[in-house]
Amino acid sequence: MSASSPTNILLEVTSLSMRIARKYVAPYSHRFSPQKFTQEQLLTCLILRAYLKATYRGVIEVLEVSSDLRDRLGPKSLPHDSTLKKFADRSSVLEIVDTMLHELVQKFALDAEEAAIDSTGMETSSASAHFQSRSGKQRTKHVKLSVCVLAGSLIPSGLAVSWGPCNEKAEAAEVLSKAATSSQPKTLFADAGYDAEWVHWFCREDWQVDSVINPAVHRTDGGLNEMYRSEMTADTLKEKGYGRRWLVESYMSGRKSTPGGTGKGPDRS
């Protein structure tokens with residue numbers, strides 16, 4: 001990917017996404033639909049949104065200022081961000097996006113040697129934190145995004161969306177299974193939220209990836225239980241480059257800074 005400019009990569013992603021989408025969806029969902037945009041155009045907007053770590057509105061703004069991207073995408077006018085949101089909420093769209101991301105990984109990030117997994121909360125409302133505080137309403141749940149991203153490209157190789165708050169490991173099996181289907185890095189980094197022997201076991205025995213996970217729970221003598229967890233000493237983490245876990249933090253930071261969210265709390269999307 002280093003030989004191509006960011007603009008050229010976006011054009012390639014757009015073209016490839018349009019070709020892939022045509023394999024999975026008809027041009028229009030119904031013969032009586034308004035037919036302003038084809039389903040492959042809307043799916044490509046969602047792929048660009050994932051690639052750019054943008055909001056629904058954010059990806060439309062990128063298209064508004066890029067005539068080359070609009071020409072590659074093909075619509076005479078751009079969809080409203082609410083149109084993208086409604087399209088994304090359809091039950092089959094996430095499965096199609098997963099499949100398309102798999103093919104994009106094969107094209108742009110197949111040689112990535114490092115990956116990292118993490119999760120973050122996302123707001124269920126566009127209302128500001130100040131407004132919610134003034135309203136006196138307590139937020140009881142949020143949308144939780146769990147994602148495995150590849151070094152260099154920061155393309156998601158596996159993702160899952162659920163309701164939070166919940167333990168990070170709740171979505172780990174789904175995300176890791178999707179990532180294992182589409183990518184084959186040498187190393188996976190994860191924070192203490194993913195500290196479990198079964199996570200190590202899946203990575204090393206099934207996926208054939210070296211798992212580097214900061215341990216969360218120690219014995220009273222300071223040791224660690226189980227075969228793979230016992231390897232995760234401070235010296236081993238340093239030797240294996242655990243600091244490289246920043247790559248997924250970079251992805252999450254982009255997800256939050258684009259819509260204006262901050263910190264580890266939920267993101268506005």
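Student: What makes Cys203 count as buried?

Tutor: In this predicted model, Cys203 has a relative accessible area of 0%. Buried means under 20%, so Cys203 is buried.

Student: Which residue touches Cys148 and Cys203?

Tutor: Leu188 does: setting aside residues up to four places away in sequence, its contacts include Cys148, Cys203, Leu176 and Trp207. Leu188, Leu176 and Trp207 are also among the residues that touch the most other members of the largest nonpolar core, which has 70 residues. In general, nonpolar side chains tend to be buried together in soluble globular proteins.

Student: Why is Glu171 counted as buried?

Tutor: Its relative accessibility is 11%. That value is set against the cut-off of under 20%, so Glu171 counts as buried. You will find Glu171 in the loop between β3 (156–164) and α8 (172–182). Leaving out neighbours within four places in sequence, Glu171 is in contact with Ser146, Ala160 and Ser162.

Student: What makes α2 largely enclosed by the rest of the structure?

Tutor: Of the 14 residues of α2, 13 are buried, so the helix is largely enclosed.

Student: How do you know that the span of α2 is close to the expected one?

Tutor: Helix α2, residues 39–52, reaches 20 Å from its first C-alpha to its last. The expected value, at 1.5 Å a residue, is 20 Å, and the span is close to that.

Student: What is the average pLDDT of the protein chain?

Tutor: The average is 80, and 80% of the residues score at least 70. Over residues 124–132, though, the pLDDT is below 50, and this stretch has 14 contacts beyond near neighbours in sequence. Residues 258–269 also have a pLDDT below 50, with 44 such contacts in the model. Where pLDDT is low, the predicted coordinates should not be read in detail.

Note on methods. Residues numbered from 1 in each chain as written. Heavy atoms only, no water. pLDDT = per-residue confidence, 0-100. Contact = heavy atoms within 4.5 Å. Helix = DSSP H or I, 4+ residues; strand = E, 2+ residues; numbered from the N terminus. Buried < 20%, exposed > 50% of the residue type's maximum accessible area, 1.4 Å probe, protein only. Core = buried A, V, L, I, M, F, W, Y, C linked by side-chain atoms within 4.5 Å. Expected span 1.5 Å × (residues − 1).
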